[in-house]
Amino acid sequence: MKKRLVMLLLLLFAAMVIAAGVGAVTIPVAEVISILLGRIPYVSKWIPNMGIENAYATIILQVRLPRILLAVIIGSSLAGAGATLQGLFGNPLADPYIMGISSGAALGATIAISFKLPSVIPGLSSVPQAAFLASIATMTAVYFLAGASGRVSMDTFLLSGVVVSSFLWAVMSFLMMVSGDSLREIMMWLMGSLSNKGYAHVKMAAPYVGFGICVLIVMARDLNLLCLGDDEARNLGVDPLPAKRIIVFASSLVTAASVSVGGIIGFVGLIVPHTMRMVVGPDHRLLLPSSIIAGGIFLVLADTIARTLIAPCEIPVGVITALVGAPFFFYVLKRRKR
Amino acid sequence: MDVNSCWDHVGSRMRFAISHALVLAIIIAVSGALTIGAPVNAKAREVTVIDALGREIKVELPVQSIVSIAPSNTEILFALGLGANVIGVTEACDYPTDAKLKPKVGQVEMNIEKIVEMSPDLVVAVAGMQMSVIETLSNLGITVLALDPKTLQGVLDSMTLVGKATGRDEAASLLTQELGNEIQDIQSKAAEAVAGEGRPKVFVEIWDDPLMTAGPGTFIDELIRIAGGENISGDAGMEWPEFSLEVVLERDPEVIITVWRDADDVRARPAWKHVSAVKTGRIQKMNPDILTRPGPRLVQGLKELLEIIHPGSLD
């Protein structure tokens, strides 16, 4: 079990290094290595200064690296949240967006774009900030709506998520219609992309994602028991209601943070958990961490394709996740059956 | 399906013909009754033009009422002195100021019923985006003129076309001559500047998240070239591509033009701080309408671009 996780971590590291070396601008391998190693304390002393062009260092350290980190953060969150919600709802179609969080983020982004809201955090546009606030508000609304009936069943949760989600989409569509000018910008945001992002985005999302993922991994055992049914879980010492609340909260939090910095990137939260379930089995103590790592690997690689395939132009990464994800999923499915 | 739509077509044609004949009969009867004894007016002149879709459009002159369903068309109509004849525009038609006071016929989607109710003598549309509206209105018997200029010269030609279709040939030729002279003047000044300073590399940021720019085939690309600059995304292969940030940094633009974000937003991005345009402060925000709307103000956009790309060359 440990061995598999370590292997996945090594794969993730390899994917990140490859992604740092590949891009629309060709940078010689020796320079990539020396730029990367030159940034590590102590090691840097042993790296000869090759008189590297400033632009190359900027491209690797300020353009590629934050983008790769963001891909890891978003990929891990979406895959982790997807695996959790599929288990919790016992529904293979559940994905991180099913609770309406993406609609909340989309509405927040739409408001920020069409009303040209000013930014609060320097170096970060108002769009991710508004998206994050709106998705947290949505999460709270879904939470209270689901609780309004007195007892919280998972079906009520799903239903209120869907209802809130469609309501917010309607509000958003109306806003888009009224503010015709910003229509294209909003559409582009909705498609999801990691283009032109910096460390400010990484810093904004990382704390929530880090915290949320830790909570999910800690709750993996409880999630296993919850999958057996409420009564079984109670007999085995887990109080179902608070456990479910914590799990829903943590997965919503990581989704909210990643959607607000990356837009709506589909397929990762659906495909990666299913693939990992076929590889490592349904035990969430192994499934969650491996989905989280594999989500990072998948999005890093997908984004590398997105930014190099038709260089100097880029493809929205959501297009690549779907194009690559679907056939890959079928491949895994077929191999599994054999 | 095909046969059906074909019959629909014939049906609507016939209905149209019948209703037309009826209206005509009534008009003749009424006017006959009113103008007994008076000399009969010279019969209305009819012009035939070929629009951007290659269709033969017959327009009866004089054109009294026009509906414009694109901001660029509205600007052309007003520039030709037809402002008073415009009876309907879109929500996006914000120039000139008088256009904003006109009744609206739609935003992105056009309100067909409203346009039919207005029964304008002419609707001026844009070919590419509005094919279905053009088809619907034409089938309803409304005369629709489609414009679709792709180049600066094409814009001048479409002004000539509108002039011809509205009997404003003279105004159109005056306008295109004036604009043509201005373009020529800018062209020669730009050529002079290029001979002295070369072609500065220009990056146009249309949108920042994702990073989008103007590629080949856009007016922006053409205007930058005429104004003596080099669009660094001229090889993008698409009109409005998502563009690679690292390629922007590598090509190191000397001038950055934004249409959405402010210059300060660009300056605040850590990755951009070594870009020449950021170091020298040559970041300028422009009104996108004068860069993208195929109307008379493109020439103003061209002028502003020259001033930004080769400062002082206009004097």
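**Entry 1: a helix pair in chain A**

At roughly what angle do the axes of helix α1 and helix α3 of chain A cross? A reminder to myself before answering: this is a predicted model. I found that the axes of α1(A), residues 2-21, and α3(A), residues 54-89, cross at roughly 145° and come within 9 Å. The crossing of α1(A) and α3(A) is right-handed. I then listed who makes the contact: α1(A) brings Met16(A), Ala19(A) and Ala20(A), while α3(A) brings Ile60(A), Arg64(A), Leu65(A), Ile68(A) and Val72(A).

**Entry 2: where chain A meets chain B**

Next I turned to the interface. Chain A puts 30 residues into the contact and chain B puts in 28. On the chain A side, the elements giving two or more residues are α3(A), α7(A) (183-191) and β1(A) (313-314). The largest share of that side is six residues, and α3(A) supplies it. I sorted the chain A side into 16 nonpolar, 11 polar and three charged residues.

I also checked for strand pairing between the chains. β1(A) pairs with β11(B), residues 242-243, in the antiparallel sense over two bridges. In this pair Glu314(A) stands opposite Glu242(B).

**Entry 3: chain B in outline**

I counted 12 helices and 13 strands in chain B. Of its 315 residues, 42% are buried. I looked at contacts between residues at least 6 apart in sequence, and 56% of those in chain B join residues at least 24 apart. The domain assignment gives domain 1 (1-41), domain 2 (42-167) and domain 3 (186-309) for chain B.

**Entry 4: the open sheet of chain B**

In what order do the four strands of the open sheet come? I read β4-β3-β5-β6 in chain B, with parallel pairing. Because β4(B) (86-88) and β6(B) (144-147) stand at the edges with a single partner strand each, one side of each has no neighbour in the sheet. Neighbouring strands here are turned by 35° against each other on average, direction ignored.

I zoomed in on one pair: β5(B), residues 122-126, is joined to β6(B) by four bridges. Val124(B) has Leu145(B) as its bridge partner in β6(B).

Two helices lie across this sheet's strands. α2(B), residues 71-79, lies across β3(B) (66-68), β4(B), β5(B) and β6(B), and runs at about 140° to β3(B). α5(B), residues 152-165, lies across β5(B) and β6(B), at about 170° to β6(B).

**Entry 5: a hairpin in chain B**

β1(B) (46-50) and β2(B) (56-60) pair in the antiparallel sense over five bridges. Thr48(B) stands opposite Lys58(B). The two strands form a hairpin with five residues between them, and in the turn Gly54(B) has a positive phi of about 75°.

**Entry 6: domain 2 against domain 3**

How far apart are the centres of domain 2 and domain 3 of chain B? Taken over C-alpha atoms, 31 Å separate them. Their contact takes 10 residues from domain 2 and eight from domain 3 of chain B. I sorted the domain 2 side into seven nonpolar, two polar and one charged.

Conventions
Residues are numbered from 1 along each chain as its sequence is written. Chains are lettered from A and ligands numbered from 1 in the order in which they are written. This is a predicted model: local features need pLDDT of at least 70, side-chain atom pairs count only at pLDDT 80 or more; totals for chains, interfaces and linings use all residues. Two strands pair if DSSP finds at least two bridges between them. Axes are lines fitted to C-alpha atoms, for helices over the stretch in contact, and angles run from 0 to 180 degrees between N-to-C directions. Two residues are in contact if their C-beta atoms, placed from the backbone, lie within 7 Å. A crossing is left-handed if the near helix is turned anticlockwise from the far one by less than a right angle, and right-handed if clockwise. Ala, Val, Leu, Ile, Met, Phe, Trp, Tyr, Cys and Pro count as nonpolar, Asp, Glu, Lys and Arg as charged, and the others, Gly among them, as polar. A residue is buried if 20 or more other C-beta atoms lie within 10 Å of its own, exposed if 12 or fewer, and partly exposed in between; C-beta atoms are placed from the backbone. Domain bounds come from an automatic or database domain assignment.
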